[in-house]
Amino acid sequence: MEKIFLETIGAHQRIIFKVSRMYRNTPEDQQDLFQEIVYQLWRAFPGFRNESKITTWIYRIALNTAMASYRKQRPPISLSEHPPDLADASDTISEREEWLFRALRTLSESERALISLYLEDYSYAEIASVTGISENYVGVKLNRIKEKLKTLSNSQK
């Protein structure tokens, strides 16, 4: 089970990295959140029932973990293999992407969750499934978020 889990995390580490970048400002906090998300995924992995896509499941846990407050006590984690290297993902961030992450961090946590799923080309139905809100409300919220980002973009010019 550990090997399958590590392969899954390795294949989808960009999702975790992206959520970490959206919800934490400093590289240290982003790495802490990355590790916390991986830990929560490890805890939940035995219960994954393949009722949704693995990426939907990862997003759900990653977003819930990102929005939860940091815990004071964390149990030690020991794996026989090394976790995916964050440095590889951060080397490819362009100036435009960095601006986007800064802009996204100005949104509320729930808005960040919605827009991150939208940017990953999830359907309104899939976003509704992950977030627990109706499809119609997903559309309304996404339009409002896009307007906020457009306004922010225009003020940067």
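User: What volume does the second largest pocket have?
Analyst: Keep in mind that you're looking at a predicted model. In this model, the volume of the second largest pocket comes out at about 190 Å³.

User: Which residues lining that second largest pocket are the closest to its centre?
Analyst: The lining of the second largest pocket is made of 11 residues. By class, seven of them are nonpolar, one is polar and three are charged. The ones closest to the centre are Lys18, Glu97, Leu100, Phe101 and Leu119.

User: And which elements give two or more residues to the lining of the second largest pocket?
Analyst: Lys18 and Phe101 are among the lining residues closest to the centre. Going by elements, those that contribute two or more residues to the lining are H2, helix H6 (95–104) and helix H7 (109–119).

User: Stepping back, what pattern does the protein follow along the sequence?
Analyst: Start with the secondary structure, which comes to nine helices and zero strands. Read along the sequence, that gives the pattern α-α-α-α-α-α-α-α-α.

User: What share of the contacts with a separation of 6 or more comes from residues 24 or more positions apart?
Analyst: For some background, buried residues make up 38% of the 157 residues in the protein. The accessible surface is about 9500 Å², with 49% of it belonging to carbon and sulfur atoms. As for the contacts with a separation of 6 or more, the share from residues 24 or more positions apart is 71%.

User: What do the buried residues of H7 pack against?
Analyst: H7 has a run of buried residues: Glu111, Arg112, Ala113, Leu114, Ile115, Ser116 and Leu117. Those buried residues pack against H2, H4, H6, helix H8 (124–131) and helix H9 (135–156).

User: Is Asp121 buried or exposed?
Analyst: A residue counts as exposed when its relative accessible area is over 50%. Asp121 has a value of 69%, so Asp121 is exposed.

User: What phi does Asn50 have?
Analyst: Asn50 sits in the loop between H3 and H4. With a relative accessible area of 61%, Asn50 is exposed. Asn50 isn't a glycine, yet its phi is positive, at about 60°.

User: Which residues does Leu149 touch, leaving out those up to four places away in sequence?
Analyst: Leu149 is found in helix H9. Its relative accessible area is 16%, so Leu149 is buried. Leu149 and Leu107 are 42 residues apart in sequence, with their C-alpha atoms 8.8 Å apart in space. Leaving out residues up to four places away, Leu149 touches Trp99, Ala103, Leu104, Leu107 and Ile115.

User: How far apart in space are Ser153 and Leu100, C-alpha to C-alpha?
Analyst: Ser153 is found in helix H9 too. Ser153 is partly exposed, with a relative accessible area of 23%. Along the sequence Ser153 and Leu100 are 53 residues apart, while in space their C-alpha distance is 9.3 Å.

User: And what distance separates the C-alpha atoms of Ala128 and Val138?
Analyst: Ala128 is found in helix H8, and Ala128 is buried, with a relative accessible area of 11%. Setting aside neighbours within four places in sequence, Ala128 is in contact with Ile133, Ser134, Glu135 and Val138. Ala128 and Val138 are 10 residues apart along the chain, and their C-alpha atoms are separated by 6.5 Å.

Technical notes. Residues are numbered from 1 along each chain as its sequence is written. This is a predicted model: local features need pLDDT of at least 70, side-chain atom pairs count only at pLDDT 80 or more; totals for chains, interfaces and linings use all residues. Side-chain values use heavy atoms; hydrogens and water are left out. On a 1 Å grid over the protein atoms alone, a cavity is a set of points where a 1.4 Å probe fits but cannot get out, and a pocket is an open set with protein on both sides within 12 Å along at least five of seven lines; lining residues have an atom within 4 Å of a point. Grid points are joined across faces, edges and corners, and a volume is the space filled by probe spheres set on the points. Helices (H or I, at least four residues) and strands (E, at least two) are DSSP runs, numbered from the N terminus. Ala, Val, Leu, Ile, Met, Phe, Trp, Tyr, Cys and Pro count as nonpolar, Asp, Glu, Lys and Arg as charged, and the others, Gly among them, as polar. Buried means under 20% relative accessible area, exposed over 50%, partly exposed in between (1.4 Å probe, protein chains only). Contact means heavy atoms within 4.5 Å. Accessible areas come from the Shrake-Rupley method with a 1.4 Å probe; for residues, only the protein chains shown count as cover.
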